[in-house]
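Welcome! Try each task by eye before reading on.

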Amino acid sequence: MGDGVLILQNVTRERPGFVLDVLEDQGVSYTKVYLSKGEAIPQSADFGAMMVLGGYDSANDESNKIQDQIRTVRDWIAADMPYLGICLGLQILVKAAGGSVTPLKEKEIGFKCAGGELYQLFLTEEGIEDPLFKRANNSYFLQAVDHISYVLLHLYDMQLPNADVANIYQSSH
């Protein structure tokens, strides 16, 4: 296992954001791969963690770009390596684990749910103890915050088969 974080960027405008600040503050090296520019995914054995960012694609696409990511992530999770998937990156993880990605009946777009309330996430006890959030507890995004309001642009629902996944957050809706 190598050092550093492999960051797969599906489109140039979907950037890692504050995650880079955290990595740099912690002295963790990273390599960004721009998949939309045709860059190839490097050997994952050269890295200690992987992060896959969002994009306009769906994990159901048959494109080489998506299928290569699914294969890479399947191997990655089989090796029990740390992984963070954001938006499309989560879809890729679900597909790689044998789950399904299906269109939502009601699209989640914007800051508010159908009832007019802000979308909010709350960390559960498991989430507070999760290594990702525990290490970041004194970081930028969790200082004195017990919930996060967020904007959604979700068109898909995801289901993992027989998942043994910690429930690290719960939505207010």
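Helices, of at least four residues, and strands, of at least two, are DSSP runs numbered from the N terminus. Please keep in mind that this is a predicted model.

**Exercise 1. The overall plan**

Find how many helices and strands the chain has, and in what order they run.

*Solution.* 
- Step 1: Count the elements. The chain has five helices and nine strands.
- Step 2: The order reads β-α-β-β-α-β-α-β-β-α-α-β-β-β.
- Step 3: Look at the contacts between residues at least 6 apart in sequence. Of these, 74% join residues at least 24 apart.
- Step 4: Of the 173 residues, 31% are buried.

**Exercise 2. A residue in strand 1**

Decide whether Q9 is buried or exposed, and list what it touches.

*Solution.* 
- Step 1: Locate Q9. It belongs to strand 1, residues 5–9.
- Step 2: Compare its accessibility with the cut-off. Buried means under 20% relative accessible area. Q9 has 1%, so it is buried.
- Step 3: List the partners, leaving out residues up to four places away in sequence. Q9 touches E14, R15, P16, K32, V33, Y34, L35, S36 and L53.
- Step 4: Take a look at Y34, one of these partners. K37 lies over the face of Y34, at 4.9 Å from the ring centre.

**Exercise 3. Helix 2 and its cover**

Work out how far helix 2 reaches, which of its residues are buried and what covers them.

*Solution.* 
- Step 1: Compare the reach with expectation. Helix 2 (residues 64–78) has 15 residues and spans 21 Å from its first C-alpha to its last, close to the 21 Å expected at 1.5 Å a residue.
- Step 2: Pick out the buried residues. They are I66, Q69, I70, T72, V73 and W76.
- Step 3: Find the cover. It includes strand 1, strand 3 (49–52), strand 4 and helix 3.
- Step 4: Step just past the end of helix 2. There, D80 takes a positive phi of about 60 degrees.

**Exercise 4. Charged pairs**

Find how many salt bridges there are, and explain the placing of the one between D68 and R71.

*Solution.* 
- Step 1: Side chains of opposite charge can pair when their charged atoms come close.
- Step 2: Count the pairs. There are two salt bridges.
- Step 3: Name them. D57 pairs with K65 at 2.8 Å, N to O, and D68 pairs with R71 at 2.4 Å, N to O.
- Step 4: Explain the second pair. D68 and R71 are separated by about one helical turn because they are three residues apart in helix 2. In an α-helix with 3.6 residues a turn, residues three or four places apart point the same way.
- Step 5: D68 is partly exposed at 34%, and R71 is partly exposed at 43%.

Methods
Residues are numbered from 1 along each chain as its sequence is written. This is a predicted model: local features need pLDDT of at least 70, side-chain atom pairs count only at pLDDT 80 or more; totals for chains, interfaces and linings use all residues. Side-chain values use heavy atoms; hydrogens and water are left out. Buried means under 20% relative accessible area, exposed over 50%, partly exposed in between (1.4 Å probe, protein chains only). Contact means heavy atoms within 4.5 Å. The expected span of a helix is 1.5 Å times one less than its number of residues. A charge sits over a ring if NZ of Lys or CZ of Arg is within 6 Å of the ring centre and within 35 degrees of the ring normal. A salt bridge is a side-chain nitrogen of Lys or Arg within 4 Å of a carboxyl oxygen of Asp or Glu.
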